[in-house]
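Dear colleague,

I am passing this structure on to you, and below it I have set out what was found in it, so far as I can state it with care.

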Amino acid sequence: MTFPAARRKTVQISVGRVRVGGGAPVSVQSMTTTNTADADATIQQIKRLATAGCEIVRVTVNNRDAALALREITGKSPIPVIADIHFDHELALQSIKNGVDGLRINPGNIGSRRKVQAVVLAAKERNIPIRIGVNAGSLEKEHLITYGRTPRAMVESALKHIQILEKEGFDQIKVSLKASDVARTVTAYRLLAEKVPYPLHIGVTEAGTLFSGTIRSAIGLGILLAEGIGDTLRVSLSADPVEEIKVAYAILRDLGIRRRGVEMISCPTCGRAEIDVISLANRIEKRLFSVQTPLKIAVMGCVVNGPGEAQEADIGVAGGKNIGILFKKGVLVKRLPPRELEETLIGEIRALTGEEIF
Ligand code: SF4
């Protein structure tokens, strides 16, 4: 069984060649951590992210040098690039000129209507969408005074920005409402989902380190996605952004929303364990990270219970003191010395997927 029963219906927009909303697959995003003005370093990081499965990448455009570097970055990026801009409409115009596939800017913070119109016109000409990104940490005074730092305030802020764009006849809109705690994030998205037809970019912001941020994101995004809310997502971690992609796919995979790469089943070990499952499972998971073919694999601690407990796995190994086994769908296919378990399993997966594994 998988989640959700039905996805929320939204209009569809396109970020470069990636469709968002309107029944398109939930896409995975991340953000570079390099100095955007350093085009080489930024392109290198984008390529690593793309290899890991990132489908849309956002770069901060905080000054003129960053906006200028976009020409080279967008020319060489294998995935659509979104410029993240605060306040400065000149940077938005330059970014559009230099080939970005989307903007993240809050129109209410741009300034005069003339400036908003200039950005909207340029976005329309290039047919690129704008994401409105409301963050609980930086809400406008008027909403804070009326509602406090609450989900309602976040939604009111988003609606205000949306209306500014709609007034200019612009509807290529995507919205995010991020807070650093799960409850506010989930409540805000639920509220907004009932009010607007636009696709939602979901995420828990400043979620934390690899450990705590993974848990917080899995809970927050898991709740929303299980309810059919969310069209594109970013997991925010204080870690290498490649880790964000791994976590994002694990969340989508465990909900049955996207199937990509290896799903690992490994036993917690117990007194029956006859091999070191913990180090074997971790080594194998690391080696299989780049595999894209959907596959369920198992690493189990004993030959008596392992194959049965991992019946759903396409392929797996189970340890034994002197003799381990390779099994497929719970059925034994080969006996082999424990020291050969890892390479045999990797070899089988290589043959099954046709992909390179190191
Ligand atoms: S597979 Fe074997 S070792 Fe692993 S938890 Fe089950 S009984 Fe214990």
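Strand 13 (residues 315-318) and strand 14 (residues 324-328) run antiparallel and are joined by 3 bridges, where strands are DSSP runs of E of at least two residues, numbered from the N terminus, and two strands pair if DSSP finds at least two bridges between them. Within this pairing, G316 has F327 of strand 14 as its bridge partner. Please bear in mind that this is a predicted model, in which local features need pLDDT of at least 70 and side-chain atom pairs count only at pLDDT 80 or more, while totals for chains, interfaces and linings use all residues. Residues are numbered from 1 along each chain as its sequence is written.

Both strands belong to an open sheet of 5 strands with mixed pairing, in the order 11-12-13-14-15. Its edge strands, each pairing on one side only, are strand 11 (262-266) and strand 15 (331-336).

As for the overall division, an automatic or database domain assignment gives domain 1 (13-254) and domain 2 (262-353), and the centres of the two, taken over C-alpha atoms, are 39 Å apart.

Turning to V20, which lies in strand 2 (residues 18-20), this residue is buried because 28 other C-beta atoms lie within 10 Å (buried requires 20 or more within 10 Å of its own C-beta atom, exposed 12 or fewer, partly exposed in between, with C-beta atoms placed from the backbone). The C-alpha atom of V20 is 9.1 Å from that of T10, 10 residues away along the chain.

Key:
Helices (H or I, at least four residues) and strands (E, at least two) are DSSP runs, numbered from the N terminus.
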